[in-house]
Amino acid sequence: MSGQTLTDRIAAAQYSLTGSEVARAVCKSTTHEVMAPKKKHLEYLIQATNETNVNIPQMADTLFERSTNASWVVVFKALVATHHIMVHGNERFIQYLASRSTLFNLSNFLDKTGSHGYDMSTFIRRYSRYLNEKGFAYRQMAFDFTR
């Protein structure tokens, strides 16, 4: 049995019922398990950015929604998934992120569930600032120099 929480399983089932495979993949890649997002879910999201019928704003909004979770693990995985898609996905994804006025508003993020949460909160805030700056730089330059 995997280490997914009941909440993770219910959320994935809800997205499956609504027919949103992209939202389901986002949910499955940002579980509460303390491990990296699964490669198969990240690859699915990257492939989805290349499909013409995929709603990029919905994908990004689902990632932003996951980044508002109270658990540092879920937020960190949402940031990792977003970064991975920014670098390896279709340019439409980073173009959409750059068109938004704000990406991640995590400057006050603090996971109070334990000492590890307090320690990781610093890294969450730093990583979100980096992704915000990456989106801002793309907006200014209309080019991603790291690709």
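Select Lys 28 to begin: leaving aside residues up to four places away in sequence, Lys 28 touches Gln 4, Ala 12 and His 41, where contact means heavy atoms within 4.5 Å. Lys 28 is found in helix H2, helices here being DSSP runs of H or I with at least four residues, numbered from the N terminus.

The model in your viewer is predicted, with local features needing pLDDT of at least 70 and side-chain atom pairs counting only at pLDDT 80 or more, while totals for chains, interfaces and linings use all residues. Residues are numbered from 1 along each chain as its sequence is written, and side-chain values use heavy atoms, with hydrogens and water left out.

Next, select helix H3, residues 39–49, whose buried residues are His 41, Leu 42, Leu 45, Ile 46, Ala 48 and Thr 49; buried means under 20% relative accessible area, exposed over 50%, and partly exposed in between, with a 1.4 Å probe and protein chains only. Look down the axis of H3, and these buried residues fall within an arc of 160°, so they line one face of the helix, the arc being that of the directions from the helix axis to the C-beta atoms. Turned away from that buried side is the face that carries the exposed residues Lys 39 and Lys 40. To see what covers the buried residues of H3, show, among others, H2 (21–29), H4 (56–66), H5 (72–88) and H6 (91–99).

Within helix H5, move to Lys 77, which counts as buried because its relative accessibility is 3%. Its contacts, not counting residues up to four places away in sequence, include Ser 29, Thr 30, Glu 33 and Pro 37. The C-alpha atoms of Lys 77 and Thr 30 are separated by 5.1 Å, although these residues are 47 apart along the chain.

Centre on Leu 97, and beyond residues up to four places away in sequence you will find it touching Ala 60, Phe 64, Thr 82, Met 86 and Leu 103.

Finally, select Phe 143, in the segment after helix H7 (115–141), which counts as partly exposed because its relative accessibility is 46%.

Note on methods. Helix = DSSP H or I, 4+ residues; strand = E, 2+ residues; numbered from the N terminus.
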